Amino acid sequence: MKQILFCLLIASSLAAFAGKVDTLQVVTHNRQVIVTDPSKGENYYPAWGVFPSPKTDIRRVFLTVTLGCPDSIPCAHWDYLDLITIRRTGGINGKSQDYEIGRMLTPYGSIFQRGWQWSWTIDVTDFSPVLRDSVEIEYMHSGYEPNTLGWALTVKFTLVAGPPAAEFSSIKKMWKGPNRYGDRNNPIEKTLAPIPFVTDAEASIGRLRIHQTGHGMDSVSGCSEFCKRYRDVKFDGKMVNRRDVWKKCSDNPLYPQGGTWIYDRGNWCPGYLLEPDLVDVPLKPGNHTFDIDMEPFTTTDVNQPNENITAYLIQYETPRKANDVAIEKILAPNKDQNYSRQNPTCQEPRMVIRNMGSENLRSVVITYGTTGFKPRKQTWHGNLKFNETAELLVDGPIDYKQGENEFKVVLSQPNGQKDGWEGDNETTVKFDGAVPMPKDFIIQFQTNNNPADNPMVLINSYGGVVWEKKSDRLKPNTLYIDTIRLDEGCYEFSLTDTAGNGLEFWAAPEQGRGFLYFSDLEGRLLKVFESDCGAGQHFAFTATPRFAFDDSNPRYAFGLFPMRAKEKLFFDYYLNKPANIQLLISDAENKLLERHEYINRKIGVLPVTISHLPKGRYLLEIQVDGKTAQKRRFGKEE
């Protein structure tokens with residue numbers, strides 16, 4: 001048996017649950033270097049984990065996938081489809097299985113450097129009865145890029161001890177993709193034909209768990225990766241769910257990436273652990289059917305798209321408790337990297353709650369606040385069925401001190417009653433307070449060629465607008481300089497890009513390059529915004545008369561445009577004080593080709609001639625006074 005990584009934690013805090021409950025962590029892959037197998041397009045990485053015995057009550061199970069840059073090779077470059085599967089249970093001589101429990105879409109990692117990593121988490125409680133004793137977990141990494149690139153992979157399961165909200169009855173494999181989509185000679189409905197089943201003796205809830213992503217692209221519609229289409233779920237011939245199989249990507253918290261990360265896709269984005277669709281229906285005794293129907297579509301293109309659909313039917317008994325609520329997650333305030341587009345924040349804490357009881361949840365009391373400050377209390381009213389969630393805002397502003405803080409939420413009195421299980425009623429998360437800024441500062445905004453996409457607004461901690469720049473008044477390729485004077489307090493600034501392609505995007509050089517900086521009245525940089533920001537950016541800060549500029553912390557802003565060119569690139573730079581700038585150009589194998597040095601520079605634009613370079617991808621390393629400040633990739637075209 002391969003090495004088993006096993007860690008038992010008795011904890012009072014966890015990302016989703018911070019009540020006084022026992023948690024178990026099982027790590028099956030610990031920074032294992034994974035690469036593709038270009039000869040097959042798939043590479044398999046099995047590993048074992050020891051899970052609780054079937055006698056142990058488990059309330060929830062969470063799967064966390066972490067990808068990082070390996071120590072030995074660069075990060076992988078391409079957005080590939082990876083699968084996490086339960087392969088065997090009960091040890092080496094145990095039972096063979098085939099349960100897809102997770103679907104990872106890797107990010108474009110060409111711009112990530114050593115030390116980078118990102119984690120994603122989903123709920124896999126539906127597979128809790130299978131995750132018992134010794135289990136073999138297989139990670140399949142697809143793709144065809146060179147095996148000199150890869151990821152450092154960690155797969156971790158977090159199991160929360162406690163009574164299940166509803167007793168598990170059975171699990172049945174339904175459909176398993178990929179499924180060709182648009183082939184008139186082999187319609188997808190043949191592979192998605194209705195599947196019959198019989199209600200278990202004690203079951204009252206049927207849950208269809210669907211993992212679906214669209215891949216491949218015909219030349220006309222862009223299906224399945226780049227076209228929006230609907231999917232119907234039918235129970236006993238009646239439609240119970242319809243949704244567009246589509247996902248917006250320009251607001252991905254993992255940005256920027258090295259490829260076309262902003263393009264919306266068929267229910268996935270580069271750098272995304274798929275959130276499954278859960279369709280619950282009440283079950284009566286007898287025979288039933290589930291059916292999945294895709295929007296009608298045909299193509300004659302030889303590049304046949306596919307809808308990769310895998311689904312399971314899980315039957316549950318009636319929920320154990322009538323009134324039972326759980327705090328699912330705190331979205332803001334929170335320093336978790338997956339919520340970085342909303343944080344830090346000054347106002348209106350945001351959270352997600354889940355109904356775990358048999359009665360519809362119509363009210364719950366929420367007590368919340370920052371540790372060290374007076375807590376607040378508010379009652380939520382709504383109507384949630386079993387296992388349904390609601391994202392809600394509660395009254396702000398958010399209290400904080402500079403640096404790291406703790407924010408706590410406690411739920412009580414669901415429907416005015418005592419909670420059925422209080423172990424998941426409380427959570428605490430870490431968050432950073434809004435960064436200090438001077439009361440008076442300057443906004444420098446360089447528009448690109450499409451400024452109508454980019455409104456900006458500055459609000460106070462109560463939501464009042466104190467400054468805004470309306471996009472219909474902006475001119476293309478123009479530098480705007482605004483002096484801002486504020487009262488002391490917390491503020492939030494938002495830059496929106498309605499087109500979802502940021503102030504610049506390498507694959508759309510025609511839109512030009514824009515940039516956004518905050519500086520003090522002496523012109524020293526305070527905040528540099530990322531131009532390749534997709535849907536926009538958010539920034540919260542504290543305006544204070546006690547702000548002191550820290551000269552020991554170097555700040556700089558760099559830009560390279562266009563990212564693909566034949567003759568010349570333009571490198572723009574902004575430093576707080578004069579320094580020597582070195583530009584180092586290396587090839588795809590990291591072999592140094594050229595070094596350019598510019599003495600005593602502070603603000604300006606430098607042309608970089610590349611006409612003599614062969615076609616290919618290159619790395620530009622930017623050094624300031626001999627120290628690496630940034631690395632950028634660019635392409636030389638013919």
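S363 stands opposite H381 of strand β23. The model is predicted, so local features need pLDDT of at least 70 and side-chain atom pairs pLDDT 80 or more, while totals for chains, interfaces and linings use all residues. Residues are numbered from 1 along each chain as its sequence is written, and side-chain values use heavy atoms, without hydrogens or water.

Strand β22 covers residues 361-370 and strand β23 residues 376-384. The two run antiparallel and are joined by seven bridges; pairing requires at least two DSSP bridges. Five residues separate the strands in a hairpin. In the turn, G372 has a positive phi of about 95 degrees.

The chain contains one helix and 41 strands. These are DSSP runs numbered from the N terminus (helices: H or I, at least four residues; strands: E, at least two).

The radius of gyration is 26 Å, which agrees with the value near 26 Å for a compact globule of 638 residues. It is taken over C-alpha atoms, and the globule rule is 2.2 Å times the number of residues to the power 0.38. The C-alpha trace spans about 80 × 60 × 50 Å along its principal axes.

Buried residues (under 20% relative accessible area, 1.4 Å probe, protein chains only) make up 56% of the 638. Contacts are heavy atoms within 4.5 Å. Of those with a separation of 6 or more, 75% link residues 24 or more positions apart.

Conventions: Buried < 20%, exposed > 50% of the residue type's maximum accessible area, 1.4 Å probe, protein only.
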